[in-house]
Amino acid sequence: MQQLFIINPAAGKTDASVVLVPQIQAAASRAGVDVQIEVTRSRGHARQLAEAAAASGEEVHIYAAGGDGTMNEVLQGAANHPNIAVGCIPCGSGNDYVRNFGAPADFLDMDTQLAAEAFPVDLLATPQGYGIDIYAAGIDAQVANGIPKWRRIPLCGGTTAYTLSILEAVCSSFRHHLHIQADDRELDGVYMMLAICNARMYGGGYCAAPNASLDDGLLDVVLLKPVPRLKLPGLLGGYKKGEHLTPDGTVTEKFRPYLTYFRTSAIDIRVLDPKPMITTLDGECSPQKTLHAETARRSARILLPPKLAYNAPVLQVMGE
């Protein structure tokens, strides 16, 4: 089995390869294994490296060292290739993917990374490619789209950039008229936010789908109607903590006037307004007039350090 580390030097605020390369080499020496280390040179290079590994037919563990965008690139190349398993070493600013399993710091021990175990998981399949976390639109996507602007400001990285982008999006009173079809459900209404969730966490630590599983064959859909501006900050605080849903999937009383939640295997959304809406698939933003997402059952394998894998709620179905 091959061990391939793909490092994105542009992720985060510093070049992670400076620290990671010697750490990886030392851990490999202790484990008595050979590793290959590649530092990406441009956008899309991580996907190319993953595609080449997948085409080899050999079993390869690929570790995406970067932000959520780097992880997303590697997954595009690894999806539907059972010889590939993908791990993540979080070096970006948001690091939302790893928050589904633990704190980003839990993934920075190279010894435990080399001991990681592989688990089959579902992916989100969309016309924009695959995702593993959340496909969002509305205020969520406006936040993701605005974060790069705030991160360029000194001392304004990580969750601070998310908070400022949220405040900016709230003040814009964002909303769209949507037509939604999902399995046997059909909705037509005005919404300021929607999240189609394969996993639980996004947006710098927001728990959009506290009951989501990566292996249940279903997408957790959260829709938020327009909320009075004075109430929105309080609701967003509860939404971040996952307080909008009970463990059995019931919308809590505080959110009931504004929030709709259901599960589905596939969903189609059409924007009825003249302008497209900004969407974000695992942090990658684009304007869309129509959205489609469906579950791609067990189309990827992910690598997790052993202690995290068996304690993660997002893997509960797999444990059962």
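Predicted model: local features only at pLDDT ≥ 70, side-chain atom pairs only at ≥ 80, totals over all residues.
N80 counts as partly exposed, at 47% relative accessibility. Residues are numbered from 1 along each chain as its sequence is written, and side-chain values use heavy atoms, with hydrogens and water left out.

Where does N80 sit? You will find N80 in the loop between α3 (68-78) and β4 (84-90). Its backbone has a positive phi of about 65 degrees, although N80 is not a glycine. D183 also has a positive phi without being a glycine, and here the value is near 50 degrees. Look for D183 in the loop between β8 (176-182) and β9 (185-191). With a relative accessible area of 53%, D183 is exposed.

Now step back to the whole chain. Of its 320 residues, 54% count as buried. The chain exposes about 13800 Å², and carbon and sulfur atoms supply 52% of that area; accessible areas come from the Shrake-Rupley method with a 1.4 Å probe, and for residues only the protein chains shown count as cover. Contact means heavy atoms within 4.5 Å. Among contacts between residues at least 6 apart in sequence, 73% join residues at least 24 apart.

Six strands form it in the order β14-β13-β10-β7-β16-β17, and their pairing is antiparallel; two strands pair if DSSP finds at least two bridges between them. At the edges are β14 (259-264) and β17 (284-288), each of which pairs on one side only. From one strand to the next, the twist averages 15 degrees, with axes taken as lines fitted to C-alpha atoms, for helices over the stretch in contact, and angles running from 0 to 180 degrees between N-to-C directions.

Within this sheet, follow β13 (residues 219-224). Five bridges join β13 to the antiparallel strand β10 (residues 193-197), and C197 has D220 in β13 as its bridge partner. Six bridges join β13 to β14, again in an antiparallel arrangement, with L224 and L259 as bridge partners. Is β13 enclosed or open to the outside? Six of its six residues are buried, so β13 is largely enclosed by the rest of the structure. Both faces are covered: L219, V221 and L223 are buried on one side, and D220, V222 and L224 on the other.

Helix α8 (residues 232-240) gives you another pattern to look for. Its residues L232, L235, L236, G238 and Y239 are buried. They cover an arc of only 160 degrees around the axis, which puts them on the same side of α8; the arc is that of the directions from the helix axis to the C-beta atoms. After α8 comes G242, whose phi is positive, near 80 degrees.

Next, look at the aromatic rings. The structure holds four aromatic pairs. Rings of Phe, Tyr and Trp (its six-membered ring) pair if their centres lie within 6.5 Å; planes under 30 degrees apart count as stacked, over 60 as edge-to-face and the rest as tilted. F5 and Y63 form a stacked pair, 4.6 Å centre to centre with 15 degrees between the planes. This pair links distant parts of the chain, as F5 lies in strand β1 (residues 2-7) and Y63 in strand β3 (residues 60-66), 58 residues apart. F5 is buried at 0% relative accessible area, and Y63 is buried at 0% too. Elsewhere, ring pairs link Y97, F101 and F107 into a cluster.

Finish with two residues, N8 and S17. N8 lies in the loop between β1 and α1 (17-31) and counts as buried at 19% relative accessibility. Leaving aside neighbours within four places in sequence, N8 is in contact with T40, A65, G66 and T70. The C-alpha atoms of N8 and G67 are separated by 8.1 Å, although these residues are 59 apart along the chain. S17, in helix α1, is buried with a relative accessible area of 12%. Not counting residues up to four places away in sequence, S17 touches I7, P22 and V39.

Note on methods: Buried < 20%, exposed > 50% of the residue type's maximum accessible area, 1.4 Å probe, protein only. Helix = DSSP H or I, 4+ residues; strand = E, 2+ residues; numbered from the N terminus.
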